Each structure stands twice: as structure tokens, then as C-alpha cells.
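Please work through each task before reading its solution.

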Amino acid sequence: MKNSLSLTAWSLPACTLEEAAGISRALGIGALDVGLFYRSALDKSLILSDPQAAAAPLAQLGVRLPNYYHLFGEGLSGNNLALPGTLEQNLKDLRQVLSFADAADITTVFILPGVVNPGQSRSDAFKVAAASLKAMVEISGEYNATLCIEPHVHSFTESPQMVGDLVDATGVRLALDYSHFACLGYRQDEIDPLAPLAAHVHLRQAKMGELQTKFDQGTLNFPAMFGTLRDAGYQGALAIEPVHQDYMNTLFDDVLSEIVALRDAWLTWQGTRGDN
């Protein structure tokens, strides 16, 4: 398995992009996932208006960039993929986003699958989002970056079965985060069948009812997860993603300690951890 670690820039909300990149280098990670949040936020308007100009400064960060997290609208519901009437604008934006990713040598772009909008059922949301994703996957074939979705708590894709059905219907790949399913009560072995569908992976400890918890207090078995990913042929990045934010009550962990714990779990499993 040729994967490597990354660090999500939004794990360090008080840090600038340059500072987050520096911390990634200092921890021996050397890669950074970028997005639209906190002090490290990229300029979304520039990405959509001039992708090459938005990409140019990222070459100076001195880290690899495995992933960019894009939101089409504001928050989880704005212009989400399951909202009727958004596809034309979202496809226009997606072309700019993928052009930006290619210019910045970003390997994957992840977007959110959508939510159950007013007047919809989960099935209604699935149908609208599937139509959107089919069109998006087709467009993404013209670019180097791989398009993927992150199934998450509060989306319409809250079960591994529905996620698998959506991939089957559209051909989209996954930004797979076990914590969102563990929070909802799914066992790890119920999530494992999604591993072959992943183009990007997030690492964060969790347990039923808690999207994030301290490394030694959660239920996710990371050595087993790493083995599952290896056996599935996964070759992408493993992005460390403990956060400090209001979403799902994830405000109370020592983020830096959790980052180091997750890093060390991977290095220990690989057999490359060398403590001083």
C-alpha cells in the first residue's frame, strides 16, 4: 500500500495556510488537504473566476496537496446536489474547481452528496443527487483530479448501503470517513465494504453518538482499518482530521495531540515509527 499521510488544514482553525503547512512538515507528514474554512481558507471567488491564479501561490507551501474540499453553496444545504435547479450552476463551478485542482497538482476533490431538502424524502434526494453526480462524473473525466463525495451525518447518505447504491448509480468515488458512520451506530465491519470505493480517506476517532472523541476513548480500530484499506488496494492519502468546531460538538479535544496519536497509529501499523 503506497499511501501517505496528510493533514487537513481545517483541523487547525487558528492557523494560516502557511502555518498549517509548516505544522504538517514539522510533524513529518508533508501533505495538506485544503478547503474553504477558517484562517487557512482558500479564496473561493478566485477559484471560480481564475483557477490558475488561485493555484499559483499553493506551489510555495512546500507540501503535497492530496485533496481540496469544495462547497458549491454556503454550508451543508446551499446549492447542495440534491436540491432541484442547481445542476447547471454547479456544473459550471465544477469545471473551474477541477481546472484549479489540476493547476495546483491536487489529486482529489471532494464535495458533499446533498441533504434531504424541504418537501423531499430520502429517496427523492437520492434521485436528484444521482442525476447531478452522473453529470459531474462525466465532466470530471476530462481532468486529472478525481472527484469524490464524503457521505456525512445529516446528509441523505447516512447508511453504508445507500452510499454503495449511490456509487453504483453514478460511478462517483468516495472520500471515506468511518467516523460519520460510527457516530450513527454502524459497526466498523459494516463500513468496510466501502473501502474499495474510496479515492481519499479521513482519519478521526469516534464512537456511537460522538462524531469525534479522544483516540483512546473511541471504538474505531485503526490497525484493522488500515488492513482493510490495504486489502482493498487503496492507494490514496490518509488525511488526519480531528477538528475544533461547533459541528456535532467537536470543540473539546486537544487537536494537536489527536493528530499525533493518529499519525503514530499509522506509523506503528506500518512498522516505521521510531520514538526517540
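Contact means heavy atoms within 4.5 Å. Helices (H or I, at least four residues) and strands (E, at least two) are DSSP runs, numbered from the N terminus. The model is predicted: local features need pLDDT of at least 70, side-chain atom pairs count only at pLDDT 80 or more, and totals for chains, interfaces and linings use all residues. Residues are numbered from 1 along each chain as its sequence is written, and side-chain values use heavy atoms, with hydrogens and water left out.

**Exercise 1.** Determine how H5 and H6 cross, and which residues of the two helices meet.

Solution. Begin with the axes, which are lines fitted to C-alpha atoms, for helices over the stretch in contact, with angles from 0 to 180 degrees between N-to-C directions. The axes of H5 and H6 cross at roughly 40° and come within 9 Å. H5 is therefore oblique to H6; angles under 35 degrees count as roughly parallel, over 145 as roughly antiparallel, 65 to 115 as roughly perpendicular and the rest as oblique.

Next, assign the hand: this crossing of H5 and H6 is right-handed. A crossing is left-handed if the near helix is turned anticlockwise from the far one by less than a right angle, and right-handed if clockwise.

Finally, list the contact. From H5, Arg122, Phe126, Ala130, Leu133, Lys134 and Val137 meet Met162, Asp165, Leu166, Ala169 and Thr170 of H6. These residues divide into 7 nonpolar, 1 polar and 3 charged, where Ala, Val, Leu, Ile, Met, Phe, Trp, Tyr, Cys and Pro count as nonpolar, Asp, Glu, Lys and Arg as charged, and the others, Gly among them, as polar.

**Exercise 2.** Describe the packing of H4 on H5.

Solution. H4 (residues 87–103) and H5 (residues 122–140) have axes 10 Å apart, at an angle of about 30°. The two helices are therefore roughly parallel to each other. Their crossing is right-handed. On the H4 side, Leu87, Asn90, Leu91, Leu94, Arg95 and Leu98 take part, meeting Ser132, Ala135, Met136, Ile139 and Ser140 in H5. By class, the contact of H4 with H5 has 7 nonpolar, 3 polar and 1 charged residues.

**Exercise 3.** Characterise the aromatic pair of Phe126 and Phe156.

Solution. Apply the rule: rings of Phe, Tyr and Trp (its six-membered ring) pair if their centres lie within 6.5 Å; planes under 30 degrees apart count as stacked, over 60 as edge-to-face and the rest as tilted. The count comes to 12 aromatic pairs. One of them, Phe126 with Phe156, is edge-to-face, at 6.2 Å centre to centre and 80° between the planes. Phe126 lies in H5, whereas Phe156 lies in the loop between S5 (146–149) and H6 (160–170), 30 residues apart.
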